[in-house]
Amino acid sequence: MSNDQNRVTSPKDFKEGMHVRRQIFSWIATIFFALLSAIIMFPVFSGLLASFRPGRELIRKGLSLTIDFDSMTLDNYKYLFSGNADSLKYWMWFKNSLVLTILSVVLTLIVCYFVSYGITMYDFKLKNILYFLVIATMMVPFEILLLPLYKEVIALHLIDSIAGVILPGICGASTIFFFHQYMTSLPKELLDAGRIDGANEYYISVKIMMPIVKPAFSAMAILSAMGAWNNMLWPLMVFRSADKFTLTIGLNTLLTPYGNNYDMLIAGSMLAILPIFIIFLIFQKYIIDGMTAGAVKG
Amino acid sequence: MKVKKFLFSQKTAPYIFALPFIISFLVFWVYPLISAFVMSFQDIGAITVDWVGFKNYGKLLKDKVFHTAMINSFEYMVFTCALLIPFPMLYAVLMDGNLVKAKGVWKALLYLPALTSVVISGTLFRLMFSEYKTGQMNVLMAMLGLPAIKWLKTKWTSEIALLLLCCWRWTGVNTLYFMSGLKSIDKSLYESADIDGATGWQKFKFITIPLIKPTTIYVLTISIYAGLAMFLESFMLWAGNDSPKNIGLTIVGYLYKRGIQKDDMGYACTVGVVLLLIALVINFIQLWLNGSFKKEER
(Lines give C-alpha, C1' and ligand atoms only; values in the text may rest on other atoms or scores of the structure.)
Protein backbone atom coordinates (compact mmCIF):
# COMPACT_ATOMS: atom_id res chain seq x y z
CA MET A 1 0.00 0.00 0.00
CA SER A 2 2.76 2.42 0.88
CA ASN A 3 4.34 1.89 -2.52
CA ASP A 4 1.30 3.24 -4.25
CA GLN A 5 1.98 6.78 -3.13
CA ASN A 6 5.38 6.83 -4.78
CA ARG A 7 4.18 5.31 -7.99
CA VAL A 8 1.10 7.23 -8.96
CA THR A 9 -0.36 10.57 -8.13
CA SER A 10 -4.01 9.93 -8.83
CA PRO A 11 -6.14 6.92 -9.86
CA LYS A 12 -6.86 8.59 -13.20
CA ASP A 13 -3.16 8.89 -14.05
CA PHE A 14 -2.64 5.34 -12.99
CA LYS A 15 -5.35 4.12 -15.30
CA GLU A 16 -4.01 6.15 -18.18
CA GLY A 17 -0.49 4.88 -17.57
CA MET A 18 -1.74 1.31 -17.68
CA HIS A 19 -3.63 2.06 -20.84
CA VAL A 20 -0.56 3.47 -22.62
CA ARG A 21 1.57 0.57 -21.47
CA ARG A 22 -0.98 -1.88 -22.74
CA GLN A 23 -1.19 -0.06 -26.07
CA ILE A 24 2.58 -0.26 -26.53
CA PHE A 25 2.65 -3.92 -25.55
CA SER A 26 -0.22 -4.62 -27.91
CA TRP A 27 1.67 -3.06 -30.82
CA ILE A 28 4.83 -4.99 -30.00
CA ALA A 29 2.88 -8.27 -29.94
CA THR A 30 1.13 -7.42 -33.20
CA ILE A 31 4.40 -6.55 -34.92
CA PHE A 32 5.88 -9.80 -33.61
CA PHE A 33 3.10 -11.83 -35.22
CA ALA A 34 3.31 -9.84 -38.42
CA LEU A 35 7.03 -10.68 -38.65
CA LEU A 36 6.42 -14.32 -37.79
CA SER A 37 3.72 -14.54 -40.46
CA ALA A 38 6.07 -12.93 -42.97
CA ILE A 39 8.72 -15.56 -42.24
CA ILE A 40 6.12 -18.32 -42.47
CA MET A 41 4.86 -16.95 -45.79
CA PHE A 42 8.35 -16.71 -47.21
CA PRO A 43 8.61 -20.22 -48.75
CA VAL A 44 5.13 -20.05 -50.26
CA PHE A 45 5.69 -16.55 -51.57
CA SER A 46 9.01 -17.45 -53.15
CA GLY A 47 7.39 -20.53 -54.64
CA LEU A 48 4.72 -18.30 -56.11
CA LEU A 49 7.35 -15.97 -57.57
CA ALA A 50 9.25 -18.95 -58.95
CA SER A 51 6.12 -20.18 -60.69
CA PHE A 52 6.28 -17.07 -62.88
CA ARG A 53 9.84 -17.83 -63.98
CA PRO A 54 11.27 -20.38 -66.41
CA GLY A 55 12.11 -23.63 -64.63
CA ARG A 56 15.68 -23.60 -65.95
CA GLU A 57 16.32 -20.45 -63.95
CA LEU A 58 15.01 -22.14 -60.84
CA ILE A 59 17.59 -24.90 -61.04
CA ARG A 60 20.40 -22.48 -61.71
CA LYS A 61 19.53 -19.76 -59.22
CA GLY A 62 17.40 -21.51 -56.65
CA LEU A 63 14.34 -19.74 -55.32
CA SER A 64 15.08 -16.08 -55.52
CA LEU A 65 13.12 -13.24 -54.09
CA THR A 66 13.96 -10.46 -56.53
CA ILE A 67 10.88 -9.27 -58.32
CA ASP A 68 11.94 -8.60 -61.88
CA PHE A 69 8.90 -8.02 -64.04
CA ASP A 70 10.89 -8.26 -67.27
CA SER A 71 11.86 -11.87 -66.71
CA MET A 72 8.51 -12.88 -65.26
CA THR A 73 6.21 -14.82 -67.47
CA LEU A 74 2.90 -16.63 -67.39
CA ASP A 75 4.34 -19.41 -69.57
CA ASN A 76 4.29 -22.04 -66.82
CA TYR A 77 0.60 -21.52 -66.20
CA LYS A 78 -0.16 -21.26 -69.91
CA TYR A 79 1.61 -24.58 -70.31
CA LEU A 80 -0.59 -26.13 -67.64
CA PHE A 81 -3.70 -25.02 -69.51
CA SER A 82 -2.36 -25.61 -73.01
CA GLY A 83 -4.02 -28.97 -73.51
CA ASN A 84 -0.83 -30.75 -74.54
CA ALA A 85 0.09 -34.18 -73.18
CA ASP A 86 1.75 -32.82 -70.03
CA SER A 87 -1.08 -30.53 -69.10
CA LEU A 88 -3.67 -33.25 -69.71
CA LYS A 89 -1.65 -35.43 -67.35
CA TYR A 90 -1.71 -32.73 -64.71
CA TRP A 91 -5.46 -32.23 -64.89
CA MET A 92 -5.96 -35.99 -64.72
CA TRP A 93 -4.05 -36.01 -61.42
CA PHE A 94 -6.12 -33.08 -60.28
CA LYS A 95 -9.33 -34.92 -61.15
CA ASN A 96 -8.13 -38.11 -59.46
CA SER A 97 -7.29 -36.17 -56.30
CA LEU A 98 -10.73 -34.58 -56.32
CA VAL A 99 -12.51 -37.90 -56.80
CA LEU A 100 -10.42 -39.61 -54.13
CA THR A 101 -10.92 -36.76 -51.66
CA ILE A 102 -14.68 -36.54 -52.14
CA LEU A 103 -15.20 -40.31 -52.01
CA SER A 104 -13.05 -40.82 -48.96
CA VAL A 105 -14.56 -37.89 -47.06
CA VAL A 106 -18.14 -38.95 -47.76
CA LEU A 107 -17.60 -42.64 -47.02
CA THR A 108 -15.44 -42.08 -43.94
CA LEU A 109 -17.87 -39.63 -42.39
CA ILE A 110 -20.93 -41.81 -42.96
CA VAL A 111 -19.30 -44.96 -41.62
CA CYS A 112 -17.69 -43.22 -38.66
CA TYR A 113 -20.91 -41.45 -37.74
CA PHE A 114 -22.91 -44.67 -37.46
CA VAL A 115 -20.15 -46.52 -35.64
CA SER A 116 -19.81 -43.81 -33.10
CA TYR A 117 -23.58 -43.41 -32.81
CA GLY A 118 -23.75 -47.08 -31.86
CA ILE A 119 -20.92 -46.86 -29.36
CA THR A 120 -22.11 -43.61 -27.79
CA MET A 121 -25.90 -43.74 -27.69
CA TYR A 122 -26.48 -47.28 -26.44
CA ASP A 123 -25.54 -49.11 -23.29
CA PHE A 124 -24.47 -52.58 -24.29
CA LYS A 125 -21.95 -55.18 -23.25
CA LEU A 126 -19.18 -54.37 -25.71
CA LYS A 127 -19.52 -50.58 -25.39
CA ASN A 128 -16.44 -49.93 -23.27
CA ILE A 129 -14.34 -52.57 -24.98
CA LEU A 130 -15.11 -51.11 -28.40
CA TYR A 131 -14.33 -47.61 -27.18
CA PHE A 132 -11.03 -48.86 -25.79
CA LEU A 133 -10.20 -50.51 -29.13
CA VAL A 134 -10.88 -47.26 -30.99
CA ILE A 135 -8.36 -45.51 -28.72
CA ALA A 136 -5.92 -48.41 -29.09
CA THR A 137 -5.84 -48.06 -32.87
CA MET A 138 -4.91 -44.42 -32.39
CA MET A 139 -1.92 -45.47 -30.30
CA VAL A 140 -0.18 -47.45 -33.03
CA PRO A 141 1.53 -45.45 -35.78
CA PHE A 142 0.08 -46.37 -39.17
CA GLU A 143 3.56 -46.84 -40.65
CA ILE A 144 4.03 -50.07 -38.69
CA LEU A 145 1.15 -51.64 -40.61
CA LEU A 146 2.38 -50.33 -43.94
CA LEU A 147 3.99 -53.47 -45.33
CA PRO A 148 1.57 -56.14 -44.06
CA LEU A 149 -1.32 -53.94 -45.16
CA TYR A 150 0.29 -53.61 -48.58
CA LYS A 151 0.55 -57.40 -48.89
CA GLU A 152 -3.03 -57.76 -47.71
CA VAL A 153 -4.33 -55.25 -50.23
CA ILE A 154 -2.53 -57.17 -52.99
CA ALA A 155 -4.05 -60.44 -51.75
CA LEU A 156 -7.54 -58.89 -51.69
CA HIS A 157 -7.04 -57.68 -55.31
CA LEU A 158 -7.57 -54.11 -54.18
CA ILE A 159 -4.16 -52.94 -55.34
CA ASP A 160 -4.20 -50.10 -57.86
CA SER A 161 -7.80 -49.20 -56.99
CA ILE A 162 -9.49 -46.36 -55.11
CA ALA A 163 -11.05 -48.96 -52.79
CA GLY A 164 -7.56 -50.09 -51.82
CA VAL A 165 -6.68 -46.56 -50.80
CA ILE A 166 -9.90 -45.74 -48.96
CA LEU A 167 -11.03 -48.98 -47.29
CA PRO A 168 -8.20 -49.51 -44.78
CA GLY A 169 -8.78 -46.04 -43.36
CA ILE A 170 -12.54 -45.88 -43.59
CA CYS A 171 -13.05 -46.39 -39.84
CA GLY A 172 -10.66 -43.61 -38.90
CA ALA A 173 -10.24 -43.78 -35.14
CA SER A 174 -9.83 -40.05 -34.72
CA THR A 175 -13.06 -39.39 -36.65
CA ILE A 176 -14.98 -41.91 -34.55
CA PHE A 177 -13.45 -40.38 -31.44
CA PHE A 178 -14.49 -36.90 -32.52
CA PHE A 179 -18.12 -37.87 -33.16
CA HIS A 180 -18.10 -39.66 -29.82
CA GLN A 181 -16.88 -36.55 -28.02
CA TYR A 182 -19.57 -34.53 -29.72
CA MET A 183 -22.43 -36.94 -29.04
CA THR A 184 -21.71 -37.87 -25.40
CA SER A 185 -22.97 -34.47 -24.31
CA LEU A 186 -26.31 -34.93 -26.10
CA PRO A 187 -29.35 -36.15 -24.13
CA LYS A 188 -30.35 -39.74 -24.82
CA GLU A 189 -34.00 -38.84 -24.13
CA LEU A 190 -34.19 -37.66 -27.72
CA LEU A 191 -33.95 -41.28 -28.81
CA ASP A 192 -36.68 -42.34 -26.41
CA ALA A 193 -38.96 -39.62 -27.70
CA GLY A 194 -38.48 -41.01 -31.19
CA ARG A 195 -39.13 -44.56 -30.00
CA ILE A 196 -42.41 -43.51 -28.38
CA ASP A 197 -43.46 -42.05 -31.70
CA GLY A 198 -42.84 -45.48 -33.19
CA ALA A 199 -39.66 -44.74 -35.12
CA ASN A 200 -37.18 -47.60 -35.44
CA GLU A 201 -33.55 -47.41 -34.32
CA TYR A 202 -32.10 -46.69 -37.76
CA TYR A 203 -34.68 -44.07 -38.60
CA ILE A 204 -33.83 -42.30 -35.32
CA SER A 205 -30.11 -42.34 -36.07
CA VAL A 206 -30.67 -40.70 -39.46
CA LYS A 207 -33.67 -38.43 -39.03
CA ILE A 208 -33.34 -37.31 -35.43
CA MET A 209 -29.66 -37.44 -34.54
CA MET A 210 -27.93 -36.59 -37.81
CA PRO A 211 -29.35 -33.04 -38.05
CA ILE A 212 -28.22 -32.36 -34.47
CA VAL A 213 -24.70 -33.58 -35.20
CA LYS A 214 -24.39 -31.46 -38.35
CA PRO A 215 -21.70 -29.11 -36.96
CA ALA A 216 -19.54 -32.13 -36.17
CA PHE A 217 -19.97 -33.28 -39.77
CA SER A 218 -18.76 -29.93 -41.12
CA ALA A 219 -15.72 -29.89 -38.85
CA MET A 220 -14.73 -33.45 -39.66
CA ALA A 221 -15.43 -33.05 -43.38
CA ILE A 222 -12.90 -30.26 -43.66
CA LEU A 223 -10.22 -31.93 -41.58
CA SER A 224 -10.50 -35.20 -43.45
CA ALA A 225 -10.65 -33.42 -46.81
CA MET A 226 -7.35 -31.75 -45.99
CA GLY A 227 -5.88 -35.09 -44.99
CA ALA A 228 -7.13 -36.89 -48.09
CA TRP A 229 -6.07 -34.15 -50.53
CA ASN A 230 -2.50 -34.18 -49.21
CA ASN A 231 -2.25 -37.89 -48.43
CA MET A 232 0.81 -39.37 -50.07
CA LEU A 233 2.44 -42.46 -48.53
CA TRP A 234 -0.43 -44.93 -48.79
CA PRO A 235 -1.69 -43.83 -52.25
CA LEU A 236 1.93 -43.99 -53.42
CA MET A 237 2.01 -47.66 -52.49
CA VAL A 238 -1.44 -48.63 -53.75
CA PHE A 239 -1.62 -46.85 -57.11
CA ARG A 240 0.50 -48.37 -59.85
CA SER A 241 -0.91 -47.22 -63.16
CA ALA A 242 -0.06 -43.67 -64.14
CA ASP A 243 -3.65 -42.83 -65.08
CA LYS A 244 -4.72 -43.30 -61.45
CA PHE A 245 -2.08 -41.09 -59.83
CA THR A 246 -3.20 -38.29 -57.56
CA LEU A 247 -1.62 -34.83 -57.43
CA THR A 248 0.86 -35.67 -54.69
CA ILE A 249 2.13 -38.79 -56.44
CA GLY A 250 2.03 -37.16 -59.86
CA LEU A 251 3.98 -34.10 -58.77
CA ASN A 252 6.47 -36.46 -57.14
CA THR A 253 7.09 -38.18 -60.49
CA LEU A 254 8.18 -34.82 -61.89
CA LEU A 255 11.11 -34.79 -59.48
CA THR A 256 13.71 -36.25 -61.80
CA PRO A 257 17.41 -35.73 -61.11
CA TYR A 258 17.67 -33.71 -64.34
CA GLY A 259 15.23 -31.11 -63.13
CA ASN A 260 13.71 -30.71 -66.56
CA ASN A 261 10.15 -30.60 -65.28
CA TYR A 262 10.38 -27.73 -62.85
CA ASP A 263 8.22 -25.39 -64.98
CA MET A 264 5.31 -27.68 -64.45
CA LEU A 265 6.27 -28.75 -60.94
CA ILE A 266 6.24 -25.33 -59.29
CA ALA A 267 3.25 -23.90 -61.12
CA GLY A 268 1.38 -27.16 -60.60
CA SER A 269 2.22 -27.17 -56.91
CA MET A 270 0.91 -23.66 -56.45
CA LEU A 271 -2.36 -24.57 -58.16
CA ALA A 272 -2.60 -27.67 -55.97
CA ILE A 273 -2.57 -25.60 -52.78
CA LEU A 274 -5.38 -23.38 -54.08
CA PRO A 275 -8.51 -25.57 -53.60
CA ILE A 276 -7.64 -26.57 -50.05
CA PHE A 277 -6.67 -23.02 -49.14
CA ILE A 278 -10.01 -21.69 -50.36
CA ILE A 279 -11.83 -24.35 -48.34
CA PHE A 280 -9.73 -23.39 -45.33
CA LEU A 281 -10.56 -19.69 -45.63
CA ILE A 282 -14.28 -20.40 -45.91
CA PHE A 283 -14.51 -22.96 -43.13
CA GLN A 284 -11.78 -21.72 -40.79
CA LYS A 285 -14.14 -21.58 -37.82
CA TYR A 286 -15.14 -25.24 -38.11
CA ILE A 287 -11.53 -26.38 -38.33
CA ILE A 288 -10.78 -24.83 -34.97
CA ASP A 289 -13.90 -26.45 -33.49
CA GLY A 290 -12.85 -29.75 -34.94
CA MET A 291 -9.41 -29.58 -33.43
CA THR A 292 -10.77 -28.49 -30.07
CA ALA A 293 -12.76 -31.66 -29.52
CA GLY A 294 -9.70 -33.86 -29.73
CA ALA A 295 -7.49 -31.71 -27.60
CA VAL A 296 -9.56 -30.62 -24.64
CA LYS A 297 -10.70 -33.95 -23.29
CA GLY A 298 -8.08 -36.21 -24.86
CA MET B 1 -40.65 -61.33 -39.72
CA LYS B 2 -38.68 -62.73 -36.81
CA VAL B 3 -35.41 -61.74 -38.45
CA LYS B 4 -36.70 -58.25 -39.05
CA LYS B 5 -37.78 -57.90 -35.45
CA PHE B 6 -34.37 -59.11 -34.32
CA LEU B 7 -32.49 -56.69 -36.55
CA PHE B 8 -34.61 -53.74 -35.48
CA SER B 9 -34.55 -54.43 -31.75
CA GLN B 10 -32.87 -52.03 -29.41
CA LYS B 11 -30.50 -54.80 -28.26
CA THR B 12 -29.20 -55.65 -31.71
CA ALA B 13 -28.98 -52.14 -33.13
CA PRO B 14 -25.71 -51.07 -31.40
CA TYR B 15 -23.92 -54.15 -32.73
CA ILE B 16 -25.12 -53.43 -36.25
CA PHE B 17 -23.99 -49.82 -35.93
CA ALA B 18 -20.59 -50.91 -34.66
CA LEU B 19 -20.21 -53.71 -37.20
CA PRO B 20 -18.16 -51.74 -39.77
CA PHE B 21 -15.65 -50.86 -37.08
CA ILE B 22 -15.42 -54.44 -35.84
CA ILE B 23 -14.83 -55.72 -39.37
CA SER B 24 -12.36 -52.99 -40.27
CA PHE B 25 -10.60 -53.45 -36.93
CA LEU B 26 -10.13 -57.17 -37.53
CA VAL B 27 -9.29 -56.97 -41.23
CA PHE B 28 -7.21 -53.79 -41.40
CA TRP B 29 -5.67 -53.64 -37.93
CA VAL B 30 -5.49 -56.95 -36.06
CA TYR B 31 -4.64 -59.02 -39.13
CA PRO B 32 -1.83 -56.78 -40.44
CA LEU B 33 -0.48 -56.30 -36.93
CA ILE B 34 -0.25 -60.05 -36.41
CA SER B 35 1.22 -60.55 -39.86
CA ALA B 36 3.84 -57.90 -39.09
CA PHE B 37 4.93 -60.05 -36.13
CA VAL B 38 4.77 -63.26 -38.16
CA MET B 39 6.66 -61.78 -41.10
CA SER B 40 9.39 -60.50 -38.79
CA PHE B 41 10.33 -64.15 -38.15
CA GLN B 42 10.41 -64.98 -41.86
CA ASP B 43 12.67 -64.63 -44.80
CA ILE B 44 10.31 -63.68 -47.59
CA GLY B 45 11.54 -64.33 -51.10
CA ALA B 46 9.76 -63.94 -54.40
CA ILE B 47 8.24 -67.43 -54.17
CA THR B 48 9.48 -69.06 -51.01
CA VAL B 49 8.84 -68.10 -47.39
CA ASP B 50 11.26 -69.50 -44.82
CA TRP B 51 10.98 -69.41 -41.05
CA VAL B 52 14.20 -68.05 -39.66
CA GLY B 53 13.36 -67.53 -35.99
CA PHE B 54 15.07 -64.56 -34.43
CA LYS B 55 17.63 -64.19 -37.24
CA ASN B 56 16.13 -60.89 -38.43
CA TYR B 57 16.24 -59.48 -34.92
CA GLY B 58 19.86 -60.55 -34.45
CA LYS B 59 20.74 -58.96 -37.77
CA LEU B 60 18.92 -55.77 -36.81
CA LEU B 61 20.84 -55.49 -33.55
CA LYS B 62 24.11 -55.42 -35.47
CA ASP B 63 22.83 -53.34 -38.39
CA LYS B 64 24.81 -50.06 -38.38
CA VAL B 65 22.43 -48.42 -40.85
CA PHE B 66 19.47 -49.17 -38.61
CA HIS B 67 21.33 -47.66 -35.66
CA THR B 68 21.85 -44.50 -37.69
CA ALA B 69 18.16 -44.43 -38.57
CA MET B 70 17.19 -44.91 -34.90
CA ILE B 71 19.46 -42.10 -33.76
CA ASN B 72 18.17 -39.81 -36.51
CA SER B 73 14.52 -40.47 -35.64
CA PHE B 74 15.09 -40.00 -31.91
CA GLU B 75 17.03 -36.79 -32.37
CA TYR B 76 14.36 -35.47 -34.66
CA MET B 77 11.62 -36.41 -32.21
CA VAL B 78 13.34 -34.76 -29.23
CA PHE B 79 14.07 -31.55 -31.11
CA THR B 80 10.58 -31.27 -32.60
CA CYS B 81 9.03 -31.71 -29.16
CA ALA B 82 11.38 -29.09 -27.74
CA LEU B 83 10.46 -26.63 -30.51
CA LEU B 84 6.83 -27.44 -31.20
CA ILE B 85 5.46 -27.23 -27.66
CA PRO B 86 6.87 -24.13 -25.89
CA PHE B 87 6.69 -21.75 -28.86
CA PRO B 88 3.16 -22.57 -30.00
CA MET B 89 2.06 -22.37 -26.36
CA LEU B 90 3.58 -18.91 -26.07
CA TYR B 91 1.97 -17.79 -29.34
CA ALA B 92 -1.40 -19.10 -28.18
CA VAL B 93 -1.15 -17.28 -24.86
CA LEU B 94 -0.29 -14.04 -26.66
CA MET B 95 -3.16 -14.49 -29.11
CA ASP B 96 -5.69 -15.37 -26.42
CA GLY B 97 -7.47 -12.25 -25.27
CA ASN B 98 -7.48 -9.07 -27.31
CA LEU B 99 -3.86 -7.99 -27.02
CA VAL B 100 -2.87 -8.75 -30.61
CA LYS B 101 -4.53 -6.78 -33.37
CA ALA B 102 -5.92 -8.50 -36.48
CA LYS B 103 -5.24 -11.89 -34.97
CA GLY B 104 -7.51 -13.72 -37.42
CA VAL B 105 -5.07 -12.86 -40.19
CA TRP B 106 -2.00 -14.14 -38.33
CA LYS B 107 -3.82 -17.27 -37.28
CA ALA B 108 -4.74 -18.11 -40.87
CA LEU B 109 -1.22 -17.37 -42.13
CA LEU B 110 0.38 -19.48 -39.41
CA TYR B 111 -1.89 -22.35 -40.39
CA LEU B 112 -1.31 -22.06 -44.14
CA PRO B 113 1.79 -24.33 -44.29
CA ALA B 114 -0.21 -27.23 -42.85
CA LEU B 115 -2.35 -27.08 -45.99
CA THR B 116 0.52 -27.72 -48.33
CA SER B 117 1.31 -31.32 -49.10
CA VAL B 118 4.70 -32.66 -48.16
CA VAL B 119 5.68 -32.90 -51.84
CA ILE B 120 5.27 -29.17 -52.24
CA SER B 121 6.78 -28.09 -48.94
CA GLY B 122 9.69 -30.53 -49.24
CA THR B 123 10.48 -29.28 -52.74
CA LEU B 124 10.31 -25.64 -51.68
CA PHE B 125 12.66 -26.31 -48.77
CA ARG B 126 15.07 -28.32 -50.89
CA LEU B 127 15.36 -25.38 -53.27
CA MET B 128 15.76 -22.94 -50.40
CA PHE B 129 18.51 -25.00 -48.83
CA SER B 130 20.27 -25.62 -52.12
CA GLU B 131 24.05 -25.74 -51.87
CA TYR B 132 24.52 -23.13 -54.59
CA LYS B 133 25.37 -19.55 -53.68
CA THR B 134 22.01 -18.46 -55.06
CA GLY B 135 19.94 -20.62 -52.74
CA GLN B 136 18.08 -18.41 -50.29
CA MET B 137 19.69 -19.74 -47.17
CA ASN B 138 23.11 -19.16 -48.66
CA VAL B 139 22.09 -15.68 -49.76
CA LEU B 140 21.15 -15.10 -46.14
CA MET B 141 24.54 -16.45 -45.03
CA ALA B 142 26.26 -14.09 -47.44
CA MET B 143 24.29 -11.18 -46.03
CA LEU B 144 25.62 -12.13 -42.59
CA GLY B 145 29.13 -12.29 -44.03
CA LEU B 146 29.35 -16.06 -43.75
CA PRO B 147 30.50 -18.58 -46.38
CA ALA B 148 28.00 -20.69 -48.34
CA ILE B 149 27.07 -24.02 -46.78
CA LYS B 150 26.26 -27.38 -48.36
CA TRP B 151 23.15 -27.62 -46.22
CA LEU B 152 21.89 -31.04 -47.18
CA LYS B 153 25.27 -32.74 -47.23
CA THR B 154 26.28 -32.62 -43.56
CA LYS B 155 24.51 -33.93 -40.51
CA TRP B 156 23.78 -30.83 -38.44
CA THR B 157 23.02 -28.40 -41.24
CA SER B 158 20.55 -30.88 -42.71
CA GLU B 159 19.02 -31.38 -39.28
CA ILE B 160 18.42 -27.61 -39.19
CA ALA B 161 16.71 -27.78 -42.56
CA LEU B 162 14.51 -30.70 -41.47
CA LEU B 163 13.58 -29.05 -38.20
CA LEU B 164 12.76 -25.76 -39.91
CA LEU B 165 10.57 -27.64 -42.38
CA CYS B 166 8.80 -29.37 -39.51
CA CYS B 167 8.35 -26.18 -37.47
CA TRP B 168 7.13 -24.41 -40.55
CA ARG B 169 4.43 -26.99 -41.17
CA TRP B 170 3.27 -27.63 -37.61
CA THR B 171 3.67 -24.43 -35.56
CA GLY B 172 0.29 -23.11 -36.71
CA VAL B 173 -1.48 -26.39 -36.03
CA ASN B 174 -0.10 -26.70 -32.51
CA THR B 175 -0.86 -23.04 -31.81
CA LEU B 176 -4.49 -23.72 -32.69
CA TYR B 177 -4.54 -26.71 -30.36
CA PHE B 178 -3.24 -24.58 -27.51
CA MET B 179 -5.67 -21.78 -28.33
CA SER B 180 -8.58 -24.15 -28.13
CA GLY B 181 -7.20 -25.46 -24.83
CA LEU B 182 -6.97 -21.92 -23.45
CA LYS B 183 -10.61 -21.29 -24.33
CA SER B 184 -11.66 -23.89 -21.77
CA ILE B 185 -9.92 -22.07 -18.90
CA ASP B 186 -12.29 -20.15 -16.65
CA LYS B 187 -11.47 -16.45 -17.12
CA SER B 188 -12.55 -15.56 -13.57
CA LEU B 189 -9.42 -17.34 -12.29
CA TYR B 190 -7.30 -14.67 -13.96
CA GLU B 191 -9.51 -11.93 -12.58
CA SER B 192 -9.13 -13.14 -9.01
CA ALA B 193 -5.39 -13.49 -9.58
CA ASP B 194 -5.38 -9.84 -10.73
CA ILE B 195 -7.11 -8.81 -7.54
CA ASP B 196 -4.44 -10.66 -5.55
CA GLY B 197 -1.83 -8.65 -7.49
CA ALA B 198 -0.33 -11.55 -9.46
CA THR B 199 2.16 -10.70 -12.21
CA GLY B 200 1.73 -11.95 -15.78
CA TRP B 201 4.39 -14.60 -15.27
CA GLN B 202 2.80 -15.84 -12.05
CA LYS B 203 -0.57 -16.12 -13.76
CA PHE B 204 1.05 -18.08 -16.61
CA LYS B 205 2.91 -20.40 -14.26
CA PHE B 206 0.19 -21.10 -11.71
CA ILE B 207 -2.99 -20.89 -13.78
CA THR B 208 -2.28 -21.38 -17.48
CA ILE B 209 0.33 -24.16 -17.35
CA PRO B 210 -1.53 -26.48 -14.95
CA LEU B 211 -4.94 -25.96 -16.56
CA ILE B 212 -3.69 -26.42 -20.10
CA LYS B 213 -2.01 -29.71 -19.21
CA PRO B 214 -4.49 -31.97 -21.09
CA THR B 215 -3.77 -30.05 -24.29
CA THR B 216 -0.03 -30.17 -23.66
CA ILE B 217 -0.17 -33.94 -23.18
CA TYR B 218 -2.20 -34.35 -26.36
CA VAL B 219 0.20 -32.22 -28.40
CA LEU B 220 3.17 -34.03 -26.86
CA THR B 221 1.69 -37.40 -27.81
CA ILE B 222 1.06 -36.50 -31.43
CA SER B 223 4.49 -34.83 -31.66
CA ILE B 224 6.24 -37.92 -30.32
CA TYR B 225 4.48 -40.20 -32.80
CA ALA B 226 4.88 -37.87 -35.73
CA GLY B 227 8.55 -37.44 -34.82
CA LEU B 228 9.29 -41.14 -34.50
CA ALA B 229 7.35 -42.08 -37.62
CA MET B 230 8.69 -39.22 -39.75
CA PHE B 231 9.59 -40.30 -43.27
CA LEU B 232 8.11 -38.26 -46.09
CA GLU B 233 9.72 -34.98 -44.99
CA SER B 234 13.15 -36.50 -45.35
CA PHE B 235 12.09 -38.39 -48.49
CA MET B 236 11.11 -35.10 -50.16
CA LEU B 237 13.97 -33.00 -48.84
CA TRP B 238 16.54 -35.30 -50.43
CA ALA B 239 14.25 -36.11 -53.41
CA GLY B 240 14.36 -39.83 -52.61
CA ASN B 241 15.31 -42.16 -49.83
CA ASP B 242 19.07 -41.76 -50.25
CA SER B 243 20.97 -39.08 -48.39
CA PRO B 244 24.74 -38.73 -48.05
CA LYS B 245 25.95 -41.07 -45.27
CA ASN B 246 22.27 -41.69 -44.45
CA ILE B 247 22.03 -38.38 -42.56
CA GLY B 248 18.35 -38.17 -43.46
CA LEU B 249 17.41 -41.82 -42.99
CA THR B 250 14.67 -42.47 -40.42
CA ILE B 251 13.20 -45.67 -38.95
CA VAL B 252 10.23 -45.64 -41.32
CA GLY B 253 12.55 -44.62 -44.15
CA TYR B 254 14.60 -47.74 -43.49
CA LEU B 255 11.44 -49.85 -43.30
CA TYR B 256 10.38 -48.48 -46.70
CA LYS B 257 13.84 -48.97 -48.17
CA ARG B 258 14.10 -52.59 -47.03
CA GLY B 259 10.51 -53.58 -47.71
CA ILE B 260 9.67 -51.75 -50.91
CA GLN B 261 12.93 -50.73 -52.55
CA LYS B 262 14.92 -53.88 -51.67
CA ASP B 263 11.93 -56.22 -51.44
CA ASP B 264 13.03 -57.75 -48.14
CA MET B 265 9.64 -57.74 -46.41
CA GLY B 266 10.62 -59.96 -43.49
CA TYR B 267 13.49 -57.80 -42.39
CA ALA B 268 11.46 -54.62 -42.93
CA CYS B 269 8.69 -55.97 -40.69
CA THR B 270 11.30 -56.54 -37.99
CA VAL B 271 12.03 -52.82 -38.20
CA GLY B 272 8.27 -52.17 -37.90
CA VAL B 273 7.94 -54.39 -34.83
CA VAL B 274 10.81 -52.58 -33.13
CA LEU B 275 9.09 -49.26 -33.91
CA LEU B 276 5.88 -50.65 -32.41
CA LEU B 277 7.70 -51.68 -29.24
CA ILE B 278 9.22 -48.21 -28.93
CA ALA B 279 5.77 -46.63 -29.40
CA LEU B 280 4.27 -48.90 -26.74
CA VAL B 281 7.04 -48.12 -24.25
CA ILE B 282 6.54 -44.39 -24.81
CA ASN B 283 2.79 -44.81 -24.39
CA PHE B 284 3.31 -46.65 -21.15
CA ILE B 285 5.75 -44.09 -19.74
CA GLN B 286 3.39 -41.31 -20.68
CA LEU B 287 0.33 -42.88 -19.12
CA TRP B 288 2.40 -43.51 -16.01
CA LEU B 289 3.70 -39.92 -15.81
CA ASN B 290 0.17 -38.76 -16.40
CA GLY B 291 -1.08 -40.66 -13.42
CA SER B 292 -3.61 -42.52 -15.55
CA PHE B 293 -2.90 -45.71 -13.63
CA LYS B 294 -3.77 -44.09 -10.32
CA LYS B 295 -7.18 -42.70 -11.05
CA GLU B 296 -9.77 -44.22 -13.30
CA GLU B 297 -11.93 -41.17 -13.90
CA ARG B 298 -10.62 -38.06 -15.50
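Biologist: Which domains does the assignment give for chain A?
Modeller: Chain A is assigned domain 1 (2–61) and domain 2 (81–293), with bounds from an automatic or database domain assignment. This is a predicted model, where local features need pLDDT of at least 70, side-chain atom pairs count only at pLDDT 80 or more, and totals for chains, interfaces and linings use all residues. Residues are numbered from 1 along each chain as its sequence is written, while chains are lettered from A and ligands numbered from 1 in the order in which they are written.

Biologist: How many residues of each domain are in the contact?
Modeller: Domain 1 of chain A gives eight residues and domain 2 of chain A gives seven. Two residues are in contact if their C-beta atoms, placed from the backbone, lie within 7 Å.

Biologist: Which elements give two or more residues on the domain 1 side?
Modeller: Those are α2 (11–50) and α3 (55–61) of chain A. Helices are DSSP runs of H or I with at least four residues, numbered from the N terminus.

Biologist: Changing topic, what is the angle between α6 of chain A and α2 of chain B?
Modeller: Helix α6 (residues 127–138) of chain A packs on helix α2 (residues 13–39) of chain B at about 40 degrees, with the axes 11 Å apart. Axes are lines fitted to C-alpha atoms over the stretch in contact, and angles run from 0 to 180 degrees between N-to-C directions.

Biologist: Which residues meet there?
Modeller: A:Leu130, A:Leu133 and A:Thr137 in α6(A) meet B:Ala18, B:Phe21, B:Phe25 and B:Trp29 in α2(B).
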